[in-house]
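Q: Hey, I'm new to this one. Can you walk me through it?

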Amino acid sequence: MKNQRESQKANSDVSKSQSTQRRHQKLFFNKFIDSKIKESPYLQPQFISSLDKELYKGENLNQPLYRESKTTLLDSLFRHFVNFSSNNGMSKKALDMCLRNEKKVLPQPNCLPGSYKDAYKLLKPLLIKTTTYDACVNDCQLFRKTNASDYSMDVECGKCGEARYSDHSPSARKTYTYMPLGPRLVRIYGDDNICKLMFSRPDLSNGKLSDIADGNLYKSWFQRGGVFEDTEERCTVPLALFCDGLNPHKSMATQKSMWPLMLTWLNLPIPVRYILGPMMLVGIVPGTKTEEPKNLDPYLDVLVDELLELSTCTMYDAYKGAPTTVKVALLQYLCDVPAFSKVLHVSSQAALRGCPYCKEEGQYCKSLHKVVHLHNRPFLPIEHDLRNNENEFALKGKETSSKPVSFTKEEELEIRSRYDGLPNQNQKSILQKQTGLKGTYSFMRLPYHNRKEQMQPDGMHTIADVIGNVLGMVTGKDDNKKVRNGEEDFNRFKETWIKRDDEDAEPCSEVTRKRKNDNQSNANQKKQKLQTEISEELPKAPWKVDKPGLKVADTRAKNLVYPTGYDYLADSHFSKPWTLRTMHGKHQILAITGDSSDLTPRLLPKRQENTLRKLFSAIDMMTHESYDSDELEDIIRFTSEAMSLLERDFPIALQTITTHLMHHIPEGYADFGPLYGRWLFPFERINSWITRQALNKNKIEATIMETYAIYDWCVFMIMSGKIKQDDINIGKLEKLLLDEGIDEMKTSIGKKFFIPDTVLSHMSEIYDFCLLQRMTNEGKEVSCCTKLYGNTGREMKYSSVTKQRSSDTFVYAVKIGDDFVANQNCVNSLSDILFGNISKIFEHSWHGKSYTWLLVDIYDDVKFENGFWSTSEQFISQRPLLLQDVSAPQVVGKESNRLYFVSASVSLKE
Ligand SMILES: [Zn+2]
Ligand SMILES: [Zn+2]
């Protein structure tokens with residue numbers, strides 16, 4: 001609620017009078033609300049009733065579980081259903097058994113329901129009601145009544161003629177369970193506690209671009225002509241849709257078959273925004289057996305209909321104590337490429353016109369059997385040097401064309417309508433090929449819909465793909481005959497082409513040996529073929545590290561020190577390419593590119609090495625948590641340059657649509673905020689919750705929705721404070737979702753720490769207005785502590801070096817003026833940054849507040865070379881730093897008596 005706050009700051013008189021006014025309003029409404037609220041027609045009485053306090057008394061839910069028990073029936077139900085619906089998934093049968101046993105063990109008589117069925121019966125009136133629709137097995141339509149049509153009584157599909165019901169049973173062949181949005185919003189606005197929680201957004205941005213709410217797009221919704229024009233921020237519900245295919249049977253290698261539809265409320269505080277609960281599952285589009293749904297539109301239509309209904313609605317607002325107008329709009333789509341294709345009817349990955357953000361056109365490369373996208377240079381500034389390079393790029397000659405643009409909203413509408421009007425599939429395919437667009441789709445019915453403004457490339461998958469592909473090429477895993485022939489097609493890297501005479505030559509001995517062991521299975525033959533391709537003698541290529549080089553890289557990778565609690569271990573990653581975790585690409589690049597001293601062998605030619613460094617620096621820049629607005633221009637330019645160099649120095653095979661999409665990622669930051677807030681990780685976590693609930697093989701989607709409704713209620717009970725249990729609070733909500741529930745708070749080791757005077761004097765500089773004499777020189781030592789990681793709600797663990805084990809935690813701190821700050825992307829001089837290792841963690845009290853301090857051993861001889869920070873292994877001093885001011889624990893490589901801080905994402909201003 002930044003805008004709201006700013007205006008309050010600027011005009012406190014107005015806000016005072018507003019709050020007085022609100023108090024009057026509240027008094028007025030409180031008097032008459034009880035009598036009037038239920039009859040009032042515009043208050044949507046069915047919503048209000050679901051909130052009715054009477055409901056919680058109805059079945060005597062507040063009675064003690066047995067005589068003199070302090071636990072009520074409601075408490076007990078809640079606890080059982082929390083266990084049932086969270087974590088690893090518990091079957092109804094298991095809960096059934098649990099209840100049966102407990103009922104017997106408890107003092108008699110007791111009112112605990114003795115079975116799942118009885119417990120669910122008590123709970124059901126408290127849950128948000130779901131609606132189940134019958135669907136055509138081919139996904140042409142739902143059998144439901146809308147303003148436009150009525151198929152509710154049909155027994156066969158109006159489009160494909162398939163029967164609605166199965167022959168042998170009266171139930172429909174396919175169903176879709178939808179959990180409406182409206183009642184959930186009413187419940188949120190109607191609860192004082194939840195309102196406070198949801199609308200108290202801490203100001204994270206401090207003037208920087210760190211969230212979607214700091215971006216131009218978000219601001220435009222509230223401006224003149226915007227969808228939320230003249231509406232108070234907290235009375236708006238800007239939503240983002242996330243949708244992706246999911247394979248419920250992890251073990252089976254079947255296709256993704258179900259499609260959960262999830263909505264995120266974009267102006268909630270970030271830690272709350274990405275918890276399932278406030279993040280709302282509206283339905284799961286069912287697949288058919290192992291096939292994914294053919295068409296999502298009929299299912300999305302249900303959501304669109306409700307969104308239209310809710311676009312301006314009235315709800316009871318517990319915070320104001322009065323009915324209020326709430327505006328709801330779906331304004332962002334978070335999907336990966338295949339999902340975008342299904343939801344917004346754009347071409348998918350393999351198409352020539354595969355980019356939904358611009359009119360770039362790929363070309364089919366016969367040797368590679370795939371489409372390649374070669375327009376990197378048009379993204380460069382017009383005066384850029386690389387544009388004049390006539391021979392080394394795939395498309396020869398000077399590059400003079402400017403950056404490709406996209407269709408206008410009007411052009412796009414015209415194409416889509418034309419597509420719908422074409423008489424046959426063949427003609428439609430041709431139009432799609434030319435434009436990358438298909439016909440009209442569900443969300444176009446939303447009056448404020450604007451595809452181009454509301455979708456952005458999925459950064460997580462795009463970046464991971466690009467890194468994975470590059471590493472695959474460098475390690476030789478993906479380098480093969482096709483790749484080399486591709487280069488020949490474009491007349492580049494002549495020395496790497498496969499000599500024609502060799503083609504019929506005998507395969508090398510290694511392969512012959514493998515063939516002898518061949519067994520007849522088909523899968524094995526395929527594997528064999530793959531191995532043949534890899535082990536085939538390819539001429540040396542500048543993009544590939546040779547075998548001795550890979551050994552060196554392996555040793556380096558093995559010597560990296562990862563922080564405690566990191567989910568990745570040092571290993572010989574280069575001889576085991578499947579262990580190369582792509583998101584940690586930058587750490588591995590160090591292993592490949594050699595270090596600053598020229599003693600070690602160069603594993604790649606200098607040119608390729610520089611290009612790789614540039615690429616990983618670009619990726620590093622793209623993944624910062626926040627930006628100053630004047631940084632963006634540079635990042636866009638830097639990215640286009642890195643992508644152009646990648647085309648120049650590495651095989652054309654890497655020029656896939658994902659590589660092209662890299663250009664568009666930083667372009668969206670000014671409007672959408674950093675990639676950080678749009679990571680799909682929270683959604684993937686929720687997908688894993690869904691997978692864990694998929695216990696029932698029959699009607700799997702409907703079963704999950706039933707469990708979800710229970711989960712949703714549990715979250716509501718916690719957030720609203722209706723359940724007051726010491727061990728359950730909003731902080732633990734997140735844990736409901738996670739597999740492990742390890743509590744990572746500070747662990748005290750109870751020792752006192754006497755703070756030396758030199759350290760104390762450093763501390764006094766950081767405390768405000770602090771007199772050294774008045775500070776106590778005693779702190780309480782702790783063995784480890786945690787800190788939230790930026791906007792993600794994820795926790796990082798810090799621990800100090802102990803004698804028993806080598807749990808190094810390497811950190812750095814950036815100084816701006818006299819202060820240390822976290823999240824700085826760039827420093828002016830080497831003296832503005834400190835690198836060190838935590839030797840002690842302690843708590844210190846000052847002015848009644850407790851502070852967590854890290855005593856850090858500071859390393860000598862800081863250098864910044866080739867995009868990497870390094871220091872000597874020598875300590876020069878020890879100094880205290882506040883936990884809040886240091887970086888995340890760092891991955892560090894050790895070589896030639898120097899430490900390489902390979903994960904540090906700060907650069908030195910040139
Ligand atoms: Zn049909
Ligand atoms: Zn594009």
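Q: Let's start with His369. Is it buried or exposed?
A: His369 is exposed, with a relative accessible area of 53%. Exposed means over 50% relative accessible area, buried means under 20%, and partly exposed is in between (1.4 Å probe, protein chains only).

Q: What kind of model is this, and how does the numbering work?
A: This is a predicted model, where local features need pLDDT of at least 70, side-chain atom pairs count only at pLDDT 80 or more, and totals for chains, interfaces and linings use all residues. Residues are numbered from 1 along each chain as its sequence is written, chains are lettered from A and ligands numbered from 1 in the order in which they are written, and side-chain values use heavy atoms, with hydrogens and water left out.

Q: Back to His369. Where is it?
A: His369 sits in the loop between strand 8 and strand 9 (370-372). Helices (H or I, at least four residues) and strands (E, at least two) are DSSP runs, numbered from the N terminus.

Q: What about the phi of His369?
A: His369 has a positive phi of about 55°, although it is not a glycine. Most residues other than glycine have a negative phi. Asn491 also isn't a glycine and has a positive phi of about 55°. Asn491 lies in the loop between helix 18 (481-489) and helix 19 (509-516), and counts as exposed at 52% relative accessibility.

Q: OK, metals. What holds the zinc ion (ligand 2)?
A: Cys355 (SG), Cys358 (SG), His660 (NE2) and His664 (NE2) coordinate the zinc ion (ligand 2), at 2.0 to 2.2 Å. Donors are N, O and S atoms within 2.8 Å of the metal (3.2 Å for Na, K and Ca); water is not among the atoms, so sites may look incomplete.

Q: How are those donors spaced along the chain?
A: The donors of the zinc ion (ligand 2) follow C-x2-C-x301-H-x3-H. Cys355 is in the loop between helix 13 (337-344) and strand 8 (363-365) while His664 is in helix 25 (residues 657-667), so the pair ties together parts that are 309 residues apart in sequence.

Q: Are Cys355 and His664 buried or exposed?
A: Cys355 counts as buried at 3% relative accessibility, and His664 counts as buried at 4%.

Q: And which residues are the donors for the zinc ion (ligand 1)?
A: The protein donors there are Cys136 (SG), Cys140 (SG), Cys157 (SG) and Cys160 (SG), lying 2.2 to 2.3 Å from the zinc ion (ligand 1). Their spacing in sequence is C-x3-C-x16-C-x2-C. Cys157 is buried, with a relative accessible area of 3%, whereas Cys160 is partly exposed at 35%.

Q: New topic: helix 21. Which of its residues are buried?
A: In helix 21, the buried ones are Gly549, Leu550, Ala553, Asp554, Arg556 and Ala557. Seen down the helix axis, they fall within an arc of 165°, so they line one face of helix 21. That arc is taken from the directions from the helix axis to the C-beta atoms.

Q: What's on the other side of helix 21?
A: Pro548, Lys551 and Lys558 are exposed there.

Q: Last one: which residues does the cis peptide bond join?
A: The cis bond runs from Gln108 to Pro109, with omega near -10°. Pro109 is in the loop between helix 6 (92-105) and helix 7 (116-123).
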